[in-house]
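Hi everyone, thanks for making time today. Let me put the structure up on the screen and walk you through it.

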Amino acid sequence: MKKVYLETFGCQMNVSDSERVATTLAKKGFEMTLREDQADVVLINTCSVREKAEQKLYTQVGRIRHSGRPKPVVGVLGCVAQLEGETLFKKIEGIDLVVGTKAVGRISDVIQRVLDGEEGIVDLGEREKDYDWNVSDAQRHSPYVAFVPIIEGCNKFCTYCIVPFSRGREVSLPASEIIRSVLEMRRSGVKEIHLIGQNVNSYRPESDSGLEGFEGATPFSRLLRAVSATGIERIKFNTSFPRDFKADIVDAINEHENLCNWVHLPVQSGSDRVLGLMKRGHTSESYKKKIDYLRSSPRDISITTDIIVGFPGETGEDFKRTVELVEYAGYDAAYIFKYSPRPGTPAYSMDDDVSPEEKTDRFLELETAQRKSQNERLKRYIGKDLEVLVEKQAVRMEMQVSGHSTCHKVVNFNGPAELIGSIEKVRITEVKSNSLFGELCNDSKAAMQLC
Ligand code: SAH
Ligand code: SF4
Ligand code: F3S
């Protein structure tokens with residue numbers, strides 16, 4: 001039996017693709033291993049969103065080549081594979097196969113062909129007509145949390161972004177299939193699902209099948225209600241595109257307890273001029289209105305975001321607008337990135353005129369502003385009881401377990417490993433830089449006979 005080691009970089013879509021790859025390979029008689037040094041085949045599922053992400057592929061292949069052991073079969077999957085195709089064979093020595101973002105369903109055939117001696121195989125083709133989207137039987141990153149793709153690709157073409165090129169046009173999956181998957185996952189013990197896509201709220205399936213009778217102005221909010229009706233314990237969704245983020249999504253969250261109180265709404269910049277150059281389709285004012293509506297919810301919705309600093313032409317004044325917006329929004333977390341020019345995107349031909357030093361300065365200043373606002377905001381959790389899905393033992397702390405709250409905060413607390421897989425009420429006692437700390441509430445302790 002050939003052993004396959006699979007490493008995944010990038011977003012949840014890549015994690016989800018990797019889960020399908022692992023599932024397919026296991027079905028076809030390959031053995032998945034966590035030991036790269038023992039693998040006959042090493043697959044790297046790549047990300048191209050920033051130069052640093054892409055660089056990881058080069059580092060990884062270099063390391064394998066110089067490890068001193070007989071070279072395994074090396075395959076490149078994902079976004080870099082899709083964008084570079086066969087040029088990768090020339091760019092990096094030691095690669096045996098290249099499989100694009102939509103061809104992952106054919107991975108076992110491609111590996112077999114390499115094992116049979118064929119060279120230079122590239123598959124950048126489309127998904128098979130009968131591609132199995134059902135993720136209920138997937139080899140998942142967790143038995144309790146599952147990623148469910150609902151929309152692939154992106155039509156937005158923000159000027160800095162490579163994703164529309166690596167992932168192609170938006171394709172929404174049939175609602176009835178999504179609901180069937182969720183029902184099966186619920187039966188098999190999954191507690192939390194994440195409906196995933198580059199822009200989940202652009203969800204537009206070809207038919208209404210599965211959504212009939214569910215209320216809402218947009219298909220996505222109707223899907224949320226339909227998935228809520230499956231009775232699965234927790235539903236999260238990611239990522240939301242501000243322009244298409246409508247009030248009916250918040251209304252659905254308000255009315256259904258199992259729709260979690262967390263929204264990831266990437267703003268990218270607080271300057272209207274920069275937002276225009278980025279072609280985001282929203283202004284700081286229209287974005288703030290969405291924040292206001294989210295804040296008016298009785299559910300205490302946690303809001304997180306992505307921000308790019310140092311976009312071409314971003315002035316000190318533009319940057320100030322971003323700091324102001326961060327202060328206004330009161331994010332529970334913000335992922336800040338320095339602008340990275342991606343070949344092939346419209347922004348690549350703009351003058352990347354913010355110096356690396358200035359990008360670093362802005363990054364640090366924004367990080368400080370966010371940290372300050374985040375610390376203030378997270379204090380509201382102290383003394384509150386959060387429902388935590390216990391996912392694993394905390395790293396290096398034997399008596400601690402770790403999981404996520406409904407508002408998607410990492411929560412650690414003292415408790416036995418037997419709690420893994422259950423949802424517990426945890427009273428928050430401390431705010432740390434990227435997590436919360438708490439103690440198991442008395443009623444949970446009593447149920448566990450721990451006290
Ligand atoms: N679909 C999502 C996320 C796309 S990629 C959205 O529309 O927001 C994740 C994040 O990477 C983006 O939100 C953006 O902040 C960042 N990003 C994308 N391209 C980038 C680039 N060229 N340089 C720096 N950051 C980038
Ligand atoms: Fe990229 Fe914009 Fe599409 Fe998000 S919406 S994936 S940032 S092009
Ligand atoms: Fe990266 Fe591709 Fe996702 S570029 S962010 S892995 S869609």
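Strand E13 (302-309) and strand E14 (333-338) each supply at least two residues of the shell around ligand 1. Helices (H or I, at least four residues) and strands (E, at least two) are DSSP runs here, numbered from the N terminus. A quick word on the source: this is a predicted model, where local features need pLDDT of at least 70 and side-chain atom pairs count only at pLDDT 80 or more, while totals for chains, interfaces and linings use all residues. Residues are numbered from 1 along each chain as its sequence is written, chains are lettered from A and ligands numbered from 1 in the order in which they are written, and side-chain values use heavy atoms, with hydrogens and water left out.

Back to ligand 1. Which residues come nearest? Of the 16 around ligand 1, they are Arg50, Gln198, Gln268, Asp306 and Ser340. A residue is near a molecule or strand if one of its heavy atoms lies within 4 Å of it. By class, that shell holds six nonpolar, five polar and five charged residues. For the classes, Ala, Val, Leu, Ile, Met, Phe, Trp, Tyr, Cys and Pro count as nonpolar, Asp, Glu, Lys and Arg as charged, and the others, Gly among them, as polar.

Now some polar contacts, meaning pairs of N or O atoms within 3.5 Å; within protein, one must be able to donate a hydrogen and the other to accept it, and residues adjacent in sequence count only if both atoms are side-chain atoms. Arg50 has a polar side-chain atom 3.0 Å from an oxygen atom of ligand 1. For Gln268, a polar side-chain atom sits 2.7 Å from an oxygen atom of ligand 1. Ser340 uses its backbone: an N or O atom there lies 2.8 Å from a nitrogen atom of the ligand. How much of ligand 1 does the protein bury? Taken alone, ligand 1 exposes 530 Å², and the protein buries 90% of that. Accessible areas come from the Shrake-Rupley method with a 1.4 Å probe, and for residues, only the protein chains shown count as cover.

Let's stay with Gln268. This residue is found in the loop between E12 and helix H10 (272-278), and its phi is near 75 degrees, a positive value in a residue other than glycine. Most residues other than glycine have a negative phi, and most peptide bonds are trans. At 8% relative accessibility, Gln268 counts as buried. Buried means under 20% relative accessible area, exposed over 50%, and partly exposed in between (1.4 Å probe, protein chains only).

On to ligand 2. The residues around ligand 2 include Cys154, Cys158, Cys161, Phe157, Gln198 and Arg280. Its shell has eight nonpolar, two polar and two charged residues. Phe157 lies in the loop between strand E8 (151-152) and helix H6 (163-167), has a positive phi near 50 degrees, and is partly exposed at 31% relative accessibility.

There is also a cis peptide bond, and where is it? It joins Asn238 and Thr239, with omega about 5 degrees. Thr239 has its place in the loop between E11 and H9. In helix H9 (residues 247-255), Asp248, Ile249, Val250, Ala252 and Ile253 are buried. The cover over these residues of H9 includes helix H8 (219-228), strand E11 (234-238), strand E12 (262-264) and helix H11 (284-295).

Pro149, in strand E7 (residues 145-149), has a relative accessible area of 4%. Not counting residues up to four places away in sequence, Pro149 touches Met13, Ser16, Trp133, Val135, Leu173, Ile178 and Ile196, where contact means heavy atoms within 4.5 Å. Gln370 lies in helix H13 (residues 356-378) and is buried at 4% relative accessibility. With the sequence limit of up to four places left out again, Gln370 touches Val326, Tyr331, Asp332, Ala333 and Ala334.

Finally, the whole chain. Its secondary structure comes to 14 helices and 19 strands. The radius of gyration is 23 Å, close to the 22 Å that the globule rule gives for 451 residues, so the chain is as compact as a globular protein of that length. That radius is taken over C-alpha atoms, and the rule is 2.2 Å times the number of residues to the power 0.38. Of the 451 residues, 55% count as buried. Thanks, everyone!
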